[in-house]
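Please look over the sequence and the structure before reading on, and keep both in view while you go through the points. The briefing is arranged by topic, so that each group can be checked against the picture.

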Amino acid sequence: MHDPVTIYLCITCRRKTGEAEGDFDLPGRILAERLTQRITVGGGNCAIDLVPVECLAVCKRPSTLALTAEGKWTYLIGDLDPEAHVEEILAAAESYGASTDGIVPWKERPPIFRKGVIARTPPLGFTHSKGAK
């Protein structure tokens with residue numbers, strides 16, 4: 001059984017596309033459209049809720065998302081390309097949804113999940129076990 005997963009996707013990050021001041025695009029908005037289309041088609045084992053957000057404060061690593069679920073560690077993943085990473089994002093969400101605590105073994109992570117991780121934060125209510133390493 002896969003747990004439902006929420007993807008919070010920044011749609012305000014700017015990606016430089018040229019040298020002029022106004023040469024940028026908004027890759028998060030493009031990625032949100034592509035993910036929405038792909039999620040609508042379905043086919044995965046996990047329910048994915050895509051939530052566009054105004055800012056995740058990782059502006060230097062556009063586009064960025066937070067991958068989260070009830071009682072699981074949350075991952076912040078950046079440097080996402082709407083042209084190249086849609087399937088990897090969905091594969092990461094599937095692996096994450098299948099995990100018991102949100103911690104997906106390294107070998108089971110799609111490449112963008114391995115390379116793009118900015119941070120991992122514990123779930124609300126997390127307590128550190130004494131003697132844990």
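The structure is a predicted model. A search of the whole structure finds six salt bridges, and it also finds one cavity of 30 Å³ or more.

**Backbone geometry**

- The peptide bond that joins proline 62 and serine 63 is cis, with an omega of about -15°, and serine 63 belongs to the loop between strand E4 (48-53) and strand E5 (65-68).
- Alanine 57 also has its place in the loop between E4 and E5, and its phi is near 60°, which is a positive value in a residue other than glycine.
- Is alanine 57 buried or exposed? Alanine 57 counts as exposed because its relative accessibility is 66%, and the cut-off for that word is over 50%.
- Aspartate 79, although it is not a glycine, has a positive phi of about 65°, and this residue is found in the loop between strand E6 (74-77) and helix H2 (86-98).
- With a relative accessibility of 37%, aspartate 79 counts as partly exposed.

- Side chains of opposite charge can pair when their charged atoms come close.
- Aspartate 3 and lysine 72 form a salt bridge in which the closest N and O atoms are 3.1 Å apart. This pair links distant parts of the chain, since aspartate 3 is in the segment before strand E1 (5-10) and lysine 72 is in the loop between E5 and E6, 69 residues apart.
- In the salt bridge between glutamate 83 and arginine 34, the closest N and O atoms are 2.7 Å apart. Glutamate 83 lies in the loop between E6 and H2 and arginine 34 in helix H1 (residues 27-41), so this pair ties together parts that are 49 residues apart in sequence.
- Glutamate 83 counts as exposed, at 58% relative accessibility, and arginine 34 counts as partly exposed, at 32%.

**The largest cavity**

- The volume of the largest cavity is about 60 Å³.
- Which residues line the largest cavity? The lining consists of Ile7, Leu65, Leu67, Ile77, Leu80, Glu88, Ile89, Ala92, Ala93, Ile112 and Phe113.
- E5, H2 and helix H3 (111-115) each contribute at least two residues to this lining, and H2 provides the largest share, with four residues.
- By residue type, the lining of the largest cavity divides into 10 nonpolar residues, no polar residues and one charged residue.

- Serine 95 is located in helix H2, and its side chain reaches the backbone oxygen of glutamate 108 at 3.5 Å.
- Leaving aside residues up to four places away in sequence, serine 95 touches Val104 and Glu108.
- Phenylalanine 126 is located in the segment after strand E7 (117-121), and this residue is partly exposed, with a relative accessible area of 41%.
- The C-alpha atoms of phenylalanine 126 and tryptophan 73 are separated by 9.1 Å, and the two residues are 53 residues apart along the chain.

Definitions and conventions:
Residues numbered from 1 in each chain as written. Predicted model: local features only at pLDDT ≥ 70, side-chain atom pairs only at ≥ 80, totals over all residues. Heavy atoms only, no water. Buried < 20%, exposed > 50% of the residue type's maximum accessible area, 1.4 Å probe, protein only. Salt bridge = Lys/Arg side-chain N within 4 Å of Asp/Glu carboxyl O. Polar contact = N/O pair within 3.5 Å; in protein donor to acceptor, adjacent residues only side chain to side chain. Contact = heavy atoms within 4.5 Å. 1 Å grid on protein atoms, 1.4 Å probe; cavity = no way out; pocket = protein on both sides within 12 Å on 5 of 7 lines; lining within 4 Å. Points joined across faces, edges and corners; volume = space filled by probe spheres on them. Nonpolar A, V, L, I, M, F, W, Y, C, P; charged D, E, K, R; others polar.
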